[in-house]
Amino acid sequence: TNNASDSTESTKEFPKAITIFLFLSGFIVLGLEVIWIQMFSQVTINDTYSFSIILITLLLSLALGGFLAHILNRLSKNPSKVLYALFILSGILVATSSLIFYNITSGLKLINTNNGFNNYLASLFLLSSGSILIPGIAIGTIFPFLLKFITNTKNNIGHIISKWIYINLIGGILGSILAGFILIKYFGIWLSISIFAALYFI
């Protein structure tokens with residue numbers, strides 16, 4: 001079929017680019033997770049429940065991104081162009097996440113805890129959904145969409161997938177280290193988010 005030939009052709013066309021995409025996907029997603037959690041710490045009481053709400057939102061967005069990738073994989077006739085579009089869209093949404101967060105919190109005001117703990121958690125979930133859910137879906141689409149490029153390959157699919165996951169995880173580890181130990185410390189939260197967003201335009 002045309003989809004299969006496009007996928008195989010794309011794999012031969014830029015295997016090095018796919019490797020870079022795999023690395024960047026893990027690098028940026030895990031790095032952003034660290035930075036976003038730090039961003040939320042400015043307006044929350046920093047307890048286990050707050051961290052859990054933020055983590056749930058991030059995981060939900062990645063799951064929805066995987067579902068969206070499944071749909072795109074079935075519908076796209078030119079996966080290369082779709083992949084580049086996903087990178088650009090992700091960069092734009094990540095770049096605006098800090099601005100949206102700042103506006104929703106009215107200039108980083110602490111979430112009110114006087115109305116009860118349940119209301120506090122509900123407010124936190126709405127804040128996380130409003131600021132990072134959509135960007136999370138976009139960045140969570142990229143890695144599963146890359147699987148489009150090994151469809152119908154004659155090579156060992158299991159070997160390819162394990163190698164790709166390895167590259168993605170290495171990127172995630174390095175992204176977390178860079179974000180947590182260097183970028184936030186020396187550049188701050190807002191500029192760190194901008195740096196990670198800019199990587200999607202490389």
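1. Let us start with Phe196: beyond its neighbours within four places in sequence, Phe196 is in contact (heavy atoms within 4.5 Å) with Phe27, Ile28, Gly31, Leu32, Ile35, Gly175, Ala179 and Leu183.

2. Please keep in mind that this is a predicted model, where local features need pLDDT of at least 70 and side-chain atom pairs count only at pLDDT 80 or more, while totals for chains, interfaces and linings use all residues. Residues are numbered from 1 along each chain as its sequence is written, and side-chain values use heavy atoms, leaving out hydrogens and water.

3. Phe196 and Leu146 have the most contacts inside the largest nonpolar core, which has 47 residues. Such a core is a set of buried Ala, Val, Leu, Ile, Met, Phe, Trp, Tyr and Cys residues joined through side-chain atoms within 4.5 Å; buried means under 20% relative accessible area, exposed over 50%, and partly exposed in between (1.4 Å probe, protein chains only). The largest share of this core, 13 residues, comes from α2.

4. What about the aromatic rings? The structure holds eight aromatic pairs; rings of Phe, Tyr and Trp (its six-membered ring) pair if their centres lie within 6.5 Å, with planes under 30 degrees apart counted as stacked, over 60 as edge-to-face and the rest as tilted. The Phe21 and Phe87 rings have centres 4.7 Å apart and planes at 40 degrees, so this pair is tilted. Both residues are buried.

5. Phe40 and Phe101 form an edge-to-face pair, 4.9 Å centre to centre with 65 degrees between the planes. Phe40 is buried, and so is Phe101.

How values were computed:
Helices (H or I, at least four residues) and strands (E, at least two) are DSSP runs, numbered from the N terminus.
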